[in-house]
Amino acid sequence: MLDLSHPAAPPDLAERAMARGRRLIRLRRIRNAVLLVLLLAALVAAGVTAAAYSHPPRPLQVTPPVNGV
Amino acid sequence: MSGHREIQERRRAREFEAFTAGAGGRLLHAATLLTGDPAEGERLLVAALASTFADWFRLHGEDPYVRTRQDLAERFTRAHRRYRRPRGGVLDRLPPAERLALVLRVYEGIAEEQSAAQLGMPTERMRTNYLRAVALMRSRRP
């Protein structure tokens, strides 16, 4: 029932599959590059934020007045 | 660096072309049995082959034929609705799931446990689909 002879594969089958496969590879590379850039940007942002908030509060520049005694 | 990549790409193309020349006819037959329509089968196969081509260096010893057939079955399962309407072919009278079960078991000779596991469905369901397919093929002669 299923043992029919194979239909002849079109001669350009591999060519079409390769064209589509190359597009797939290209899109994958672009996606990976974008993800990498996003990751680096996130790391830089995290670093900057950490640096900005990690300083201890500055000491007061003025001496508080001493009253009484 | 780019020279190395070029050599790799040439090797990929050469090996893939040899593979397609050898296995293309058989895979196209399987795809056409599934879809019922030769043009539609070819479309499905080109998509599956493209994915195999893209992953050619990441097969890690896996047989590209097995990989392509697996991809074909998955694509067909995902697009079930598209193939619900009969489109001609020998298995015209079967619903898509039954057609898939029959093609994988009879034409490709894969054990039910294996094909079920690969498609992420219970073996029991695969067997039921296959038995229903056989019953349907026997019941109504065109």
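This is a predicted model: local features need pLDDT of at least 70, side-chain atom pairs count only at pLDDT 80 or more; totals for chains, interfaces and linings use all residues.
The buried residues of helix α1 of chain B are covered by a set of elements that includes α1 (13-53) of chain A together with α2 (38-54), α3 (64-78) and α4 of chain B. Residues are numbered from 1 along each chain as its sequence is written, while chains are lettered from A and ligands numbered from 1 in the order in which they are written.

Let us stay with α1(B). Its buried residues are B:F19, B:T20, B:G24, B:L27, B:L28, B:H29, B:A30, B:A31, B:T32, B:L33, B:L34 and B:T35. A residue is called buried if 20 or more other C-beta atoms lie within 10 Å of its own, exposed if 12 or fewer, and partly exposed in between, with C-beta atoms placed from the backbone. Helices (H or I, at least four residues) and strands (E, at least two) are DSSP runs, numbered from the N terminus.

How far does α1(B), residues 2-35, span between its end C-alpha atoms? It spans only 41 Å, whereas a straight helix of 34 residues would span 50 Å at 1.5 Å a residue. The expected span is 1.5 Å times one less than the number of residues. Along this helix there is a kink of about 55 degrees, centred on B:A23. The bend at a residue is the angle between axes fitted to the seven residues ending there and the seven starting there. B:R26 also sits in α1 of chain B, and this arginine is partly exposed, with 16 other C-beta atoms within 10 Å. The C-alpha atoms of B:R26 and B:Y107 are separated by 9.8 Å, although the two residues are 81 apart along the chain. After α1(B) comes B:G36, whose phi is positive, near 85 degrees.

Now for chain B as a whole. Chain B has 6 helices and 0 strands, giving the pattern α-α-α-α-α-α along the sequence. Its C-alpha trace spans about 60 × 30 × 25 Å along its principal axes. Of its 142 residues, 35% are buried. Among contacts in chain B between residues at least 6 apart in sequence, 62% join residues at least 24 apart; two residues are in contact if their C-beta atoms, placed from the backbone, lie within 7 Å.

One loop residue deserves a look. B:H60 lies in the loop between α2 and α3 of chain B, and its phi is near 50 degrees, a positive value in a residue other than glycine. For context, most residues other than glycine have a negative phi. B:H60 is exposed, with 6 other C-beta atoms within 10 Å.

Further along the chain, two helices pack together. Two packed helices are described by the angle between their axes and the distance between the axes. Helix α4 (residues 96-107) and helix α6 (residues 123-139) of chain B pack at about 95 degrees, with axes 8 Å apart. The axes are lines fitted to C-alpha atoms, for helices over the stretch in contact, and angles run from 0 to 180 degrees between N-to-C directions. α4(B) and α6(B) are therefore roughly perpendicular to each other, a term for angles of 65 to 115 degrees. On the α4(B) side, B:A97, B:E98, B:R99, B:A101, B:L102 and B:R105 meet B:M126, B:N129, B:Y130, B:R132, B:A133 and B:L136 of α6(B). By class, this contact has 7 nonpolar, 1 polar and 4 charged residues. Ala, Val, Leu, Ile, Met, Phe, Trp, Tyr, Cys and Pro count as nonpolar, Asp, Glu, Lys and Arg as charged, and the others, Gly among them, as polar.

Finally, turn to chain A, which has 1 helix and 0 strands. Of its 69 residues, 9% count as buried. Where the chains meet, 16 residues of chain A are in contact with 23 residues of chain B, and the chain A side divides into 12 nonpolar, 2 polar and 2 charged residues. A:A14, in helix α1 of chain A, counts as buried with 22 C-beta neighbours inside 10 Å. Not counting residues up to four places away in sequence, A:A14 touches B:F16, B:E17, B:T20 and B:A21. A:G68, in the segment after α1 of chain A, counts as exposed with 3 C-beta neighbours inside 10 Å. The C-alpha atoms of A:G68 and A:L13 are separated by 98 Å, with the two residues 55 apart along the chain.

Notes. Angles under 35 degrees count as roughly parallel, over 145 as roughly antiparallel, 65 to 115 as roughly perpendicular and the rest as oblique.
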